[in-house]
Amino acid sequence: MASAILLVDDEPNITNALRREIQGWAHEHQLEIITANSAILGLSILEQRGQNVVLIVSDLKMPEMKGSDFLLEVKMKYPHIISILLTGYSEQKEVGKAVSAGIFSYILKPWEPDYLLAELQKAWEHGDMQRQNASYLKLVEEELRWAGEMQRAILKPNIPSSDGVEFRVSYRPVPGLYCGGDYYDVILIGPDRYLLIVGDVAGHGVKAAFITGILKAVIYPEFVRGYINKDFSPGAFLSWLNDRLNFEFRSASTMMVTMFAGVLDVSNGFFRYANAGQDHPFLMRGPKLIELDVQGTGLGMVKSVLYTEHSQRILLGDQLVLYTDGLAQVGYENAQKVIPIPELLSSVEIGDDYHRRLLGAALKMAAQKDFTDDVTILTARLV
């Protein structure tokens, strides 16, 4: 169905005159001319042709419904339509209402033909630019969706089955971007021994997601695989990865990654871990919270870093909570709230839908509707 321009005026001689004036211009732009003798009829036409109408020229003073009210309704229902107000009526209140309806311009009766055509041309070009932008945005969104699907497929850990540990992972990229810079993994490295990793690439979107893909491509094949069924040092692993990233991104000065890595040894009941700038995880033991507060420099910032390791005893019923900073820092820069993680964890009981309830509690504490950074939660509970 062809695109159209809708002319709305309660006086047939006005719509007829407009049609004559713009017929050549409309033909040049391949626009069908549709007329309506009232705002009510105009709305009825839009119910059938609203997606095809790209321009509206409407009178202001009409019976039943004024042009200002008509254009307000058009704006709400059909935001893609560009509107021009045609009036000889000087009531400022109604003109102001039409302006709030987002009219592109208004033309006084009687109009000058050249001015009318010039305003129509400007309105058409403005609408065409909006349509192109909408098309580009749709294309970008489709690409981001694809990138998000690919990232989830690449990063999705093959969670090892265990009778002694209940693993859960939740990942939420920045709304609207579909992919992001959070990295997470759970890897079986020996009988009842698991490597837990949570990391965060600086930035959002495709650039950060690209780095996470590189991390996935090198961490297991180039390092972890060589330590299966052997003693695994989280500190040595982070030192190796720091050197690897410094080499890989030696010309990318803005690249930075934070990461926490820990080995959960269920049989021997301990958790050995090291940290490269990541937010400190917590061990939940009933009502008690134990912060795993080892420090370390972020990856890719300086060369040849030795990362300190700590160990923590793990008991039946304990739960490890690893997370990225998007959980703690909610809101935009001018209204950001840093959530105290101990308070958040203490407010949510361990059980079904734990991650969903934890995310909901974080948003409630920050008085926000959604997160403004990538959020990852990885929990491991001994059962």
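In this model, the side chains of Asp-59 and Lys-109 meet in a polar contact of 3.2 Å, a term that stands for a pair of N or O atoms within 3.5 Å, where, within protein, one atom must be able to donate a hydrogen and the other to accept it, and where residues adjacent in sequence count only if both atoms are side-chain atoms. The model is predicted, so local features need pLDDT of at least 70 and side-chain atom pairs count only at pLDDT 80 or more, while totals for chains, interfaces and linings use all residues. Residues are numbered from 1 along each chain as its sequence is written, and side-chain values use heavy atoms, with hydrogens and water left out.

- Asp-59 belongs to strand 3; strands (E, at least two residues) and helices (H or I, at least four residues) are DSSP runs numbered from the N terminus.
- With a relative accessible area of 3%, Asp-59 is buried, where buried means under 20% relative accessible area, exposed means over 50%, and partly exposed lies in between, using a 1.4 Å probe and protein chains only.
- When neighbours within four places in sequence are left aside, Asp-59 is in contact with Val-8, Asp-9, Asp-10, Gly-67, Leu-85, Leu-86, Thr-87 and Lys-109, contact being defined as heavy atoms within 4.5 Å.
- Lys-109, the polar partner of Asp-59, is joined to Pro-110 by a cis peptide bond with omega near -10 degrees, and Pro-110 itself is placed in the loop between strand 5 and helix 5.

- An open sheet is formed by 5 strands in the order 2-1-3-4-5, with parallel pairing; two strands are said to pair if DSSP finds at least two bridges between them.
- Strand 2 and strand 5 (105-108) are the edge strands of this sheet, each pairing on one side only, and the twist from one strand to the next averages 20 degrees.
- Strand 1 (residues 4-8) runs parallel to strand 2 (residues 32-36) and is joined to it by 5 bridges, with Leu-6 standing opposite Ile-34 and Leu-7 standing opposite Thr-35.
- Together with helix 1 (residues 12-28), strand 1 and strand 2 make a right-handed β-α-β unit; right-handed here means that, with the strands pointing away from the viewer, the path from the first strand over the helix to the second runs clockwise.
- Helix 1 lies across strand 1, strand 2, strand 3 (53-59) and strand 4 (82-87), and runs at about 170 degrees to strand 2, where axes are lines fitted to C-alpha atoms, for helices over the stretch in contact, and angles run from 0 to 180 degrees between N-to-C directions.
- Helix 5 (residues 113-155) also packs on the sheet, touching strand 1, strand 3, strand 4 and strand 5, and its direction makes about 160 degrees with that of strand 4.

- Another open sheet of 5 strands has the order 7-8-9-10-13 and antiparallel pairing.
- The edge strands of this sheet, strand 7 and strand 13, each pair on one side only.
- Strand 10 pairs with strand 13 in the antiparallel sense over 4 bridges, and Phe-270 has Arg-313 in strand 13 as its bridge partner.
- Helix 7 lies across strand 8, strand 9 and strand 10, running at about 150 degrees to strand 9.

**The largest nonpolar core**

- The largest nonpolar core has 33 residues, and those with the most contacts inside it are Leu-195, Leu-215, Ile-219, Val-224, Phe-237, Leu-241 and Met-259; such a core is a set of buried Ala, Val, Leu, Ile, Met, Phe, Trp, Tyr and Cys residues joined through side-chain atoms within 4.5 Å.
- The largest share of this core, 6 residues, comes from helix 6.
- Leu-241 touches Leu-215, Val-218, Ile-219, Met-259 and Leu-299, not counting residues up to four places away in sequence.

**Single residues in loops**

- Asp-192, in the loop between strand 7 and strand 8, has a positive phi of about 55 degrees although it is not a glycine, and it is partly exposed, with a relative accessible area of 34%.
- Ser-304 likewise has a positive phi of about 55 degrees without being a glycine, and at 61% relative accessibility Ser-304 counts as exposed.
- Leu-327 is placed in the loop between strand 14 (319-323) and strand 15 (329-330), and counts as buried at 1% relative accessibility.
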